[in-house]
Amino acid sequence: MGYLPHHGVLSSDGNLYISYSDGVGPYDGTKGEVWKLNTASGQWSNISPVASSSADNYFGYGGLTLDTQKPGTLMVATLNSWWPDAIIYRSTDSGATWSPIWEFDGYPTRKLKYNLDITAAPWLTFNANPAPPEVSPKLGWMIGDLEIDPFNSDHMLYGTGATIYGSKNLTNWDKGGKLDISVAAKGIEEAAILDLVSPPADAPLVSAVGDVSGFRHDDLFKAPAKMLDNPTFTSSESIDYAELNPAFMARVGKADYKKDPNAKSIGFSNDGGANWYKANSEPSGTAGGGSIAVAADGNGLLWSTSDKGVFYSKTGGNSWTASTGIPANAKIASDRVNPNKYYAFASGKIYVSTNGGASFIASAATGLPTEGNADIDAVRGTEGEVWFAGGSEDGGPYGLWHSKDSGVTFTKLSNVQEADSIGFGKAAPNHANEAVFIVGKIDGTRGFYRSDDAGTNWVRINDDKHKYARVTTIIGDPRIYGRAYLGTNGCGILVADRVGGDQPSTGQASITPIAATYGMDSNNTDIAVKLTLNGNTLEAIQQGSLVLKKGEDYTLSGETVVLTNQYLSKLPKGETALNFHFSTGDDAVFTITVKGDKPGEPGTEEGVLKVQVFNGNISATSNTISSKFKITNTGTSSISLADVTLRYYYTIDGDKGQNFFTDWSSVGTENVIASFKTLSNTKPGADSYAQIGFKPAAGSLQPGQSVECKPGYPK
């Protein structure tokens, strides 16, 4: 069998070490070896930690490093040991013997010689809760590079298919202790952003990201706790929300049908991207992907698939029908006011639908590019206002076009030479139209630009030292004037706020008071907090990672926040810190001390569950109870769903056998379980109940997160 060399390192003692695999990597390779060459004698030695002849060698070797401070100390990593985890080996005697970073201690138990901290990127669990011997998060996979700091024997870095990990106490390994490994990728993220949305309510940003599905960004300055899932796509390719009902979102990618034949390549959220569930159907035969547009009211969908053409749905994704009059692979967008209107672009032509995507008519507009980049988008709050950016440096029309008549005519902006992406944000003070952002070229200079007057004048919002390689998408924030979000192809997401001469004068915001006591013995109900904004705006109030809900947990009137009794009554006894997050400057911290008996509903330190239910069948008689539940963790601690039990009470009316099914659930239908019980002492309106629970695979409910399910009980 032939092997390919992956890494070679030369030690100061004259030994050359080489790692080999039988594949080029990073995904392939099922066997490998590690060799040492004594350059003085010419003698080769096979020093593989696990011999290639062993059944335990099912991987190639990849990353290889030496400790230059200690000749004879080296480390090598498996290139693709997918299960149960990657393995890193360490030798202090030139490869004569090796110590693995983990080993079995009575299957499936594994003895770990490390602690892994992912606080800096908690989403690295990939929302997984595997059974032993697997763990989440993993040490990694595809470890193609592994390095010991040549000036510090305790400092190590290695790259995986997900991030960069590092340790600063590496030599603990040699002393029989554990080394501490943590995320070391801050500032060098390589995320490829495929789409961004900034809705007018709830989280300020939701992203569709290559390789890691995407995220809901509740706090722009903290790593999200989890990826977008249910469905989980390797790459979410497109995302949109209903402008008039922004809690509803749709997202498309390419599902893994080999892993799950019942998978769907489109998912929905009813809570602003916090929780998702897969659609009941999709266009026949599609592999998914492409782009999605959501009707302004959320009652319609338009999907330009990657392979089967354009389809529309008016049934919440329960059925799909091919749109007529529109080419396959068209770029699409929804009007942000009229729920029946969609726009599309393909091969130099604009197409418009006024019947919810059922049919499209080509616009008479001419002069648009036939090749190159293309981005079409509609403006919030104004029906029929559409912008188009696109073209190619190879020739033909290139630039920015604007329509105020639903795409019937377009006007090319003469002051924009090139434009590749367009987005909209909150209007400037005393301006009626939204701010317009583009990635383009103006006056011969490529950059990112903002216009506050519909394209008459432009301000460059970056400089030559901040180009960030390739920026693929740009959007504005509908709540904060001047803020823009930029998605890059390899540098993650950029958040841009105004600085310089056109920045309104702002100071540090503050709150009064900074603490309060709540409880029956202090006669508190609501708590009022006075804001001193100094030109800022209040963006959010957070309890840890939980973002408080405006109108429910608190109200805002002028510069006064009132924390509601409904929210306060759920807090645990003791101190709770709230962070008031403003548009600029530092957060203000407000401390609530809960004492004595509380006047509201009881809570526990482990968390309080809020249950909402909707009955989908209100007929006088029926053989099926159809209900929908939403369970929200309003507490401050994670709750295992396996510990959660719901009871749905009803009158059975007869002794015919009952069945249970789950139509859909945001944690997977297979993870919802139930049994039927009879009350020993009947109550008015109830003699039976369905006891509903969750399997351990359903995972945990983090503070502020929700789970939804739609069960049915036929007989």
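Is Asp 174 buried, partly exposed or exposed? Asp 174 is partly exposed, with a relative accessible area of 38%. The legends below start from this residue and describe a predicted model.

**View 1. Asp 174 and Arg 90 form a salt bridge.** The closest N and O atoms of the two residues are 2.7 Å apart. Arg 90 sits in strand β7, whereas Asp 174 lies in the loop between β14 (164–167) and β15. The pair therefore ties together parts that are 84 residues apart in sequence. Asp 174 is partly exposed at 38% relative accessible area, while Arg 90 is buried at 3%.

**View 2. Two further salt bridges, Lys 138 with Glu 134 and Asp 464 with Arg 460.** In the pair of Lys 138 and Glu 134, the closest N and O atoms are 3.0 Å apart. Lys 138 counts as buried, with 18% relative accessibility. Glu 134 is partly exposed, with a relative accessible area of 24%. For Asp 464 and Arg 460, the corresponding N and O atoms are 3.1 Å apart. Asp 464 is exposed at 54% relative accessible area. Arg 460 counts as partly exposed at 25%. Elsewhere, salt bridges that share partners join Asp 240, Glu 243, Arg 336, Arg 380 and Glu 434 into one network. A search of the whole structure finds 20 salt bridges.

**View 3. The largest nonpolar core holds 48 residues.** Met 75, Ile 88, Tyr 89, Ile 101, Tyr 158, Leu 179 and Ile 181 touch the most other members. At least two residues of this core come from each of β5 (61–66), β6 (74–78), β7 (88–91), β12 (145–148), β13 (156–159), β15 (179–183), β16 (193–197) and β17 (205–209). Strand β6 gives the largest share, 4 residues. Now the surroundings of Leu 179. Beyond its neighbours within four places in sequence, Leu 179 is in contact with residues including Ile 101, Tyr 114, Met 156, Leu 170 and Trp 173. The contacts of Leu 179 also include Lys 113, Asn 115, Ser 167, Asn 169 and Asn 172. Another core, of 24 residues, lies apart from the largest one. Among its members are Leu 538, Tyr 554, Ala 588 and Val 594.

**View 4. An open sheet of 4 strands runs in the order β27-β28-β29-β30.** The pairing is antiparallel. Strands β27 (331–334) and β30 (361–362) stand at the edges. Each has a single partner strand, so one side of each is left without a neighbour in the sheet. Strand β29 (residues 349–353) pairs with β30 over 2 bridges, in the antiparallel sense. Tyr 351 stands opposite Ala 362 in β30.

**View 5. Val 379 is a buried loop residue.** Its loop runs between β31 (373–378) and β32 (386–391). Val 379 counts as buried because its relative accessibility is 3%. Not counting residues up to four places away in sequence, Val 379 touches Arg 336, Glu 385, Trp 387, Phe 424 and Glu 434. Val 379 and Asp 663 are 284 residues apart in sequence. Their C-alpha atoms are 36 Å apart in space.

**View 6. Tyr 27, Trp 82, Trp 83, Phe 104 and Tyr 107 make a nonpolar surface patch.** The patch covers about 630 Å². Tyr 27 lies in the loop between β2 (15–21) and β3 (32–38). With 61% relative accessibility, Tyr 27 counts as exposed.

Conventions: Residues numbered from 1 in each chain as written. Predicted model: local features only at pLDDT ≥ 70, side-chain atom pairs only at ≥ 80, totals over all residues. Heavy atoms only, no water. Core = buried A, V, L, I, M, F, W, Y, C linked by side-chain atoms within 4.5 Å. Buried < 20%, exposed > 50% of the residue type's maximum accessible area, 1.4 Å probe, protein only. Contact = heavy atoms within 4.5 Å. Pairing = 2+ DSSP bridges. Patch = residues over 30% accessible without salt bridge, like charges linked within 9 Å, V, L, I, M, F, W, Y side chains within 5 Å. Areas by Shrake-Rupley, 256 points an atom, 1.4 Å probe, with all protein chains shown as cover. Salt bridge = Lys/Arg side-chain N within 4 Å of Asp/Glu carboxyl O.
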